[in-house]
Structures are given as structure tokens and as C-alpha cells.
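Hi everyone, thanks for making time.

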Amino acid sequence: MHVLATAGHVNHGKSTLVRALTGMEPDRLTEERRRGMTLDLGFAWTTLGDGRTVAFVDVPGHERFIATMLAGVGPVPGVVIVVAAAEGWCAQTAEHVAVLDSLGVQHGLLVVTRSDLANPGPALSEARARLARTSLGQVEALAVSAVTGAGLPLLRGALERLVSDLPEPVTHGRVRLFVTIVLSLCTGAERS
């Protein structure tokens, strides 16, 4: 199974896109659904037209959850960068891409979402130009609407091509896990 992460600014449609592609709900927590915002890593998978399975690690886009985003993208070989058509490139998009660039991620796909709400052209152009200056370089890019379904069949084809370019998953040897550790300082009274 190949694994891809999502990346992008908060509320640009990462989880909605994963849901539309997989039929699975990546937002597992009640609070996430209530707030309409991903707070923790979500996981979903689907079988592509060529029979291969691709799994998604859906990361939160809010700046407060960058450590969680790091845990989600650290071990993946490829990424789906999500940019909303109406908003274009935003602060957390830049931060997520900087993280991916520092990790040396070279396999990706640019998806401009919400193409039913705004012309995706400007967002596509800007995002392509910005990504070209990173380890991702020139990535395939397309516009979709997860709500209307426009562009989703083309996206499935693009995912097949992306997965074909990924290195084969390592299924043996040492495992590297990215863990976020929170330390708490205790007073003497709390220790007893």
C-alpha cells in the first residue's frame, strides 16, 4: 500500500477531498466534526482504478497543530497539496510546503479545490510557481470540486500516475516513527 499525506492551509478542503476520494470520514473526533476543522491526524484509503491501494494521512492545517502535521508528513514519500480556489496560497500552505521541502519530499500533486466557487486559474498558477522552487519542483496540478464531483475522475488518474512514481514501500527492516512528546513539570506534592 502506498501512503500520501495531505498538506495545506486550514479550511481549504483537505478532509472533504479525502472523504470524496475514499468514502471514508478522516475526521474521527466528535470535536473535529462539530468545529468543521481537523485537529488530529486522520486516515483513509481507497483502491485506484489500476487495483493499487493508496492511503491518505489527512493532516490539520491550523497553525496551532503544526507538530501534528509534522508527525503526519514525516514518513510519507508523497503529498497532495491542497489550495482553495477562492483563497489561493495562504500562510499555512507556505509553512506546510516549507516542511515538505526541508524533508526533501519530491513526489506530489497540486489540487485546487472548490473550483465550483471560484475560478481556479489564479490559484493554480501561483501555487505551481511557488512549488517549482521547492523539492517538489514541477508537479501535476488540477482543479476539482469535492462537492459537485467535477475533476474527481481526473484526480484519480493523477493519483495513479503519482503512485507509479513513488518508491516501493519498505515492508521490512527498521521502522521510523515521528512522535510528539509533551513533558509536564511536577511539583513535589504532585509526585507523591
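How many bridges join β5 to strand β6? Four, and β5 and β6 (residues 140-143) run parallel. Before going on, a word on what you're seeing: this is a predicted model, where local features need pLDDT of at least 70, side-chain atom pairs count only at pLDDT 80 or more, and totals for chains, interfaces and linings use all residues. Residues are numbered from 1 along each chain as its sequence is written, and side-chain values use heavy atoms, leaving out hydrogens and water.

Strands here are DSSP runs of E, at least two residues, and helices are runs of H or I, at least four, numbered from the N terminus. Two strands pair if DSSP finds at least two bridges between them.

Back to β5, residues 107-113: six of its seven residues are buried, meaning under 20% relative accessible area with a 1.4 Å probe, protein chains only. Towards β6, valine 111 stands opposite leucine 142. β5 also runs parallel to β4 (residues 78-84), with seven bridges joining them, and there valine 79 faces glycine 108 of β5.

β4, helix α4 (residues 91-103) and β5 make a right-handed β-α-β unit. Another right-handed unit of that kind consists of β5, helix α5 (residues 121-132) and β6. Right-handed means that, with the strands pointing away from the viewer, the path from the first strand over the helix to the second runs clockwise.

Zooming out, six strands form an open sheet with mixed pairing, ordered β2-β3-β1-β4-β5-β6. Its edge strands are β2 (42-47) and β6, each pairing on one side only.

Conventions: Buried means under 20% relative accessible area, exposed over 50%, partly exposed in between (1.4 Å probe, protein chains only).
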